Amino acid sequence: MQLRDPKQAAAITEFCKPEAYAANGSPIVPCGLVAWSLFNDTYSFARRRRRGGHAEALTVIKTGISWRSDRGHVFGNHVFPKNFQNGSLVGGGQLDPTKPLSQQEDLMVWMRTAALPRFRKLYGRVEADLGAGELLAVAVQNNYNSYSFAGKKAVVLSTAGLLGGRNAFLGRAYVVTGVACFALALLLTLLCLVFPMREEHLLLRGSHISR
């Protein structure tokens, strides 16, 4: 509610401890540890069509990376960051205080928490066509501290479709579920063939229902 309604900034903050209030007692917007730990590594990309050739910088588009429902319904157009990362212990990235939360898509992507400890977050989109054999140079500004909890980070280049990026887990889950359903159906079919229901079973069943 705090993310959507500016009037709820102080009323909801009590659920966000320890990142609930600033040193002066005013509420933090957005509050909570998820927002406080906002990922803040930056990446830039360049490509060379052949070895020794000219390096061409690739534009990373940072808009349209969040869910449309988050931009339209979860994060408000009139809610602005306040007292964010102003404490003595800074957790992650900063937010632009002049932009409403509905325009801060890095925050939206990060706050949609993952269900598993290994996850991917969309950083941006490169709409240039990349051909086979091209060399890509990635410049990383390593700001996010993942070493304190033995975490690992990686940069993944993937072709996104209508259902998002490439993810093998969903396909494997469908295959396992389909195989399990097929095995269960086959087992039930064999049971019906080996132990068919006889006429007296049907009559006995009917007599129980009539009583």
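**Strands, a loop residue and a surface patch**

User: How many bridges join strand β1 to β2 in this model?

Analyst: The model is predicted. Strand β1 covers residues 42–48 and runs antiparallel to β2. One of the residue pairs is R47 with its bridge partner E56 in β2. The number of bridges joining β1 to β2 is three.

User: What is the order of the strands in the open sheet?

Analyst: The open sheet has three strands with antiparallel pairing. Its edge strands are β2 (56–58) and β3, each of which pairs on one side only. Neighbouring strands are turned by 30 degrees against each other on average, direction ignored. The order is β2-β1-β3.

User: Is S146 buried or exposed?

Analyst: S146 lies in the loop between β3 (135–141) and α4. Leaving aside residues up to four places away in sequence, S146 touches G151 and K153. Its relative accessible area is 3%. Because buried means under 20% relative accessible area, S146 is classed as buried.

User: Which helix holds L187, a residue of the nonpolar surface patch?

Analyst: The nonpolar patch on the surface includes L187, along with others, among them F182, L184 and F195. L187 is partly exposed, with a relative accessible area of 47%. The helix that holds L187 spans residues 168–194 and is α4.

User: What accessible area do the residues of the nonpolar patch have together?

Analyst: The patch lies on the surface, and among its residues are L186, L188, L190, L191, L193 and V194. L187 also belongs to the patch. Together, the patch residues have an accessible area of about 1100 Å².

Conventions
Residues numbered from 1 in each chain as written. Predicted model: local features only at pLDDT ≥ 70, side-chain atom pairs only at ≥ 80, totals over all residues. Heavy atoms only, no water. Patch = residues over 30% accessible without salt bridge, like charges linked within 9 Å, V, L, I, M, F, W, Y side chains within 5 Å. Areas by Shrake-Rupley, 256 points an atom, 1.4 Å probe, with all protein chains shown as cover. Salt bridge = Lys/Arg side-chain N within 4 Å of Asp/Glu carboxyl O. Helix = DSSP H or I, 4+ residues; strand = E, 2+ residues; numbered from the N terminus. Buried < 20%, exposed > 50% of the residue type's maximum accessible area, 1.4 Å probe, protein only. Contact = heavy atoms within 4.5 Å. Pairing = 2+ DSSP bridges. Axes fitted to C-alpha atoms, helices over the stretch in contact; angles between N-to-C directions.
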